[in-house]
Amino acid sequence: MRRPYIAGNWKMNLTPSEGKAYASALAEAVKKAGADCRVMIAPSFVSLPGVVEAVKGSDITVSAQNMADHLSGAYTGEVSPEMLRDIGVNTVILGHSERRQYYGETDEIINGKVLLAISLKMEVILCVGETLEERESGKLEEVLKRQIEVGLKDVLPAEMDKITIAYEPVWAIGTGRTATPEDADAAHAFIRRTVAALYSDDIANNLIIQYGGSVKPGNVRALMAKENIDGALVGGASLKLDDFLPIITFNK
């Protein structure tokens, strides 16, 4: 049985003081609600120390939104995985569509980051997904297959328990548009088959696959009811307690 995994990606929102206050309130609300899913929040780099402190003692995981593909050195503006681990952050989101689209991160660059994170025993949420143009031209499966095969290149079977995959159709991120539960589940099923072909049925069946793309309190239950959807990578709706808590407690 795959345990649901609900994650909030704050992107470039909330100041450090705002983030710390919100994280503290969220931790208390999640505890009071008795949520029975895994919960993660991913603040900006500058907010990470305060948020880690705010959720200490709770069941909430704190993740980085990205990391460098080197341990140290002359890489101005970058943050290394060792720096993250030193402040108590052991999870990282890699390959988000905004990193691919705005900052030119290729599948190969993302793979290098995945391997570095895994080598340091960090957990990874690997994001994959197609643009509207790719979907409409019938390339959805081709794009997902490439992103998964290259993104997971040289990741060993024994290391796959550190990997979560998030399917995020690029055309549904921040647009208010959402893939239908049926479309999302079909994409998740394809991802699971691709991982099974690369590794094994057992690894694929145990893999957590999140859906990301305008997840809201009003659509989370329909999405989570699908066989292959194991969680959500939530953007805008993760920034307010009144929106995020109902998503976390979708099965209550």
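Predicted model: local features only at pLDDT ≥ 70, side-chain atom pairs only at ≥ 80, totals over all residues.

**Exercise 1. Cysteines**

Task: Find how many disulfides the structure holds, and explain the result for Cys37.

Solution: 
- Step 1. Recall that a disulfide is a covalent bond between the sulfur atoms of two cysteines.
- Step 2. Search the whole structure: the count of disulfides is 0.
- Step 3. Check the distance. The closest cysteine sulfur to that of Cys37 belongs to Cys127 and lies 18 Å away, which is too far for a bond because a disulfide needs the two sulfurs within 2.5 Å.
- Step 4. Look at the surroundings. Cys37 counts as buried because its relative accessibility is 4%, and Cys127 is buried too, at 0%.

**Exercise 2. Helices H5 and H7**

Task: Describe how helix H5 (residues 107-119) packs against helix H7 (residues 140-151).

Solution: 
- Step 1. Two packed helices are described by the angle between their axes and the distance between the axes.
- Step 2. For H5 and H7, the angle is about 40 degrees and the axes are 8 Å apart.
- Step 3. This angle makes H5 oblique to H7.
- Step 4. List the partners. H5 contributes Asp107, Glu108, Asn111 and Val114, while H7 contributes Arg146, Gln147, Val150 and Gly151.
- Step 5. Sort the residues of this contact by class: 2 are nonpolar, 3 polar and 3 charged.

**Exercise 3. Helices H1 and H11**

Solution: 
- Step 1. The crossing of H1 with H11 is right-handed.
- Step 2. On the H1 side you find Tyr22, Ala25, Leu26, Ala29, Val30 and Ala33, which meet Leu241, Phe244, Leu245 and Ile248 of H11.
- Step 3. Sorting by class gives 10 nonpolar residues, with no polar and no charged ones.

**Exercise 4. Arg99**

Task: Say where Arg99 sits and which residues Arg99 touches, leaving out those up to four places away in sequence.

Solution: 
- Step 1. Locate Arg99: this residue belongs to helix H4 (residues 97-103).
- Step 2. With a relative accessible area of 23%, Arg99 is partly exposed.
- Step 3. Name the contacts: Asn66, Gly104 and Glu105, not counting residues up to four places away in sequence.
- Step 4. Compare sequence and space for one of these contacts. Arg99 and Asn66 are 33 residues apart along the chain, and their C-alpha atoms are separated by 8.4 Å.

Technical notes: Residues numbered from 1 in each chain as written. Heavy atoms only, no water. Buried < 20%, exposed > 50% of the residue type's maximum accessible area, 1.4 Å probe, protein only. Axes fitted to C-alpha atoms, helices over the stretch in contact; angles between N-to-C directions. Helix = DSSP H or I, 4+ residues; strand = E, 2+ residues; numbered from the N terminus. Parallel < 35°, antiparallel > 145°, perpendicular 65-115°, else oblique. Contact = heavy atoms within 4.5 Å. Nonpolar A, V, L, I, M, F, W, Y, C, P; charged D, E, K, R; others polar. Left-handed = near helix turned anticlockwise from the far one by under 90°.
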